[in-house]
Amino acid sequence: MDIILGIESSCDDTSAAVIMDGYLLSNVLASQDVHRAYGGVIPELASRAHQLNIVPVVSEAISRAGISASDITAIAFTRGPGLLGSLLVGTSFAKGLSIALDRPLIEVNHLQGHVLANFIRQYDKDTPVPEFPYLCLLVSGGNSQIVKVNSPLDFEILGQTIDDAVGEAFDKCSKMMGLGYPGGPVVDRLAKLGDPDKFHFARPHVPGLDYSFSGVKTSLLYFVRDRLAADPDFMEKNKEDICASFQRTLIEILMDKLIKAARQTGIRQITIGGGVSANSGLRTAVTEEGRKRGWTTYLPEFKFTTDNAAMIAIAGYFHYLNGERTGLDVAPVSRIADFRS
Ligand code: KG4
């Protein structure tokens, strides 16, 4: 019986989870509301909040799992990428616990966690897991990638953004419209009430399977500026239609390359992951395209789309089974050049 404690602190969520032989026993998350007033994550405040939250969050995860700390087999933690001050809190805590319990440490690449989130099994649900190889559309605040997953430890990046991530485009859209932070969920909610055909935004022309989102963001910026100059109430009167049209453009850009990747590789097992995979329009688009094209699609549960420790624990479990162990001299890294490491 392998019991993995996962610890995630890469950005503004402090999370701990316990997984036993691949099955989730607990997943506790403390979000940080302190950033809302600033319209974005303030790294200094994030690391302080992690420092406050880490002990109660880990204790709660252990207690909700119905185990005691001594039952833990290994401690998996997010080494990066992310905010360095935030990562330091989780990494240092994981090291301390490893020494105190005399249990091995396992470093996890946060992005691998998102890509493997569909493998989190739950006792009360019979959720199917993808077959290898599969494609994962990894979409978050920092990434937009198409990843070919050959095994739990073997990844190939087929395409990625050459500038902004799609989550940034959602967040900037919300900021430009004065709708608050994080932008994705607000834009998603308003988009449901609007007409996606009402407005049109620039589309990128990037070769291959790579993405670009900076042009569409700029296109929205000029659109908002020009329309507001003509009518100061334009935004208020049209916010649902702007959100629906902008979201639809982003989803079409994402789907275009995903469809191409599936066609080029012949792979029909398709998953999505990362914060933007919570988007209702994207989930519908993937499901509908999948139905048309004979894909088997796997959508992670909402609680496993944004940052969470359950995905770190499951990725750590795969590394643990592979015999990997991390030394106590490990240091967090804000950027990881190679997604696979
Ligand atoms: O994966 P994540 O929690 O953090 C990292 O970037 O690692 O992703 C956060 C991103 C933010 O940009 C947020 O606006 C976006 O995910 N997001 C959404 C939705 N929920 C969160 N974007 C679109 N629609 C949503 N429902």
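Trainee: How many residues sit between S7 and S8 in their hairpin?
Mentor: Two residues lie between S7 and S8 there. Keep in mind that this is a predicted model.

Trainee: Which way do S7 and S8 run, parallel or antiparallel?
Mentor: Antiparallel, with six bridges joining S7 to S8, which covers residues 154-160. As one example of facing residues, Ile146 stands opposite Gly159 in S8.

Trainee: And what joins S6 to S7?
Mentor: A hairpin again, through four residues. S6 and S7 run antiparallel and are joined by six bridges. Val139 stands opposite Ser144 in S7.

Trainee: New topic, H8. What span should the helix have, and what does the model give?
Mentor: H8 has 14 residues, 280-293, and at 1.5 Å a residue they should span 20 Å. The end C-alpha atoms are 20 Å apart, which agrees.

Trainee: Which residues of H8 are buried?
Mentor: Leu282, Arg283, Ala285, Val286, Glu289 and Gly290. Seen down the axis of H8, the buried residues fall within an arc of 165°, so they line one face of the helix.

Trainee: Why would residues three or four places apart point the same way?
Mentor: Because an α-helix has 3.6 residues a turn.

Trainee: What is exposed on the other side of H8?
Mentor: Arg291 and Lys292 are exposed there.

Trainee: What do the buried residues of H8 pack against?
Mentor: One helix and some strands: helix H7 (234-265), along with strands S6 (134-139), S9 (269-273) and S10 (296-298).

Trainee: What about the ends of H8? Which residue caps the N-terminal one?
Mentor: Asn279 does, with a side-chain oxygen 3.0 Å from the backbone nitrogen of Gly281. Just after H8, Gly294 takes a positive phi of about 75°.

Trainee: Is Thr78 buried or exposed?
Mentor: Buried, because its relative accessible area is 1% and the cut-off for buried is under 20%.

Trainee: Which side chain makes a polar contact with that of Thr78?
Mentor: The side chain of Glu8, at 2.6 Å.

Trainee: What else does Thr78 touch?
Mentor: Leaving out residues up to four places away in sequence, Thr78 touches Ile7, Glu8, Ser9, Ser10, Leu87, Thr91, Val108, His110 and Ile312.

Note on methods
Residues are numbered from 1 along each chain as its sequence is written. This is a predicted model: local features need pLDDT of at least 70, side-chain atom pairs count only at pLDDT 80 or more; totals for chains, interfaces and linings use all residues. Side-chain values use heavy atoms; hydrogens and water are left out. The expected span of a helix is 1.5 Å times one less than its number of residues. Buried means under 20% relative accessible area, exposed over 50%, partly exposed in between (1.4 Å probe, protein chains only). The arc is that of the directions from the helix axis to the C-beta atoms. Contact means heavy atoms within 4.5 Å. A polar contact is a pair of N or O atoms within 3.5 Å; within protein, one must be able to donate a hydrogen and the other to accept it, and residues adjacent in sequence count only if both atoms are side-chain atoms. Two strands pair if DSSP finds at least two bridges between them.
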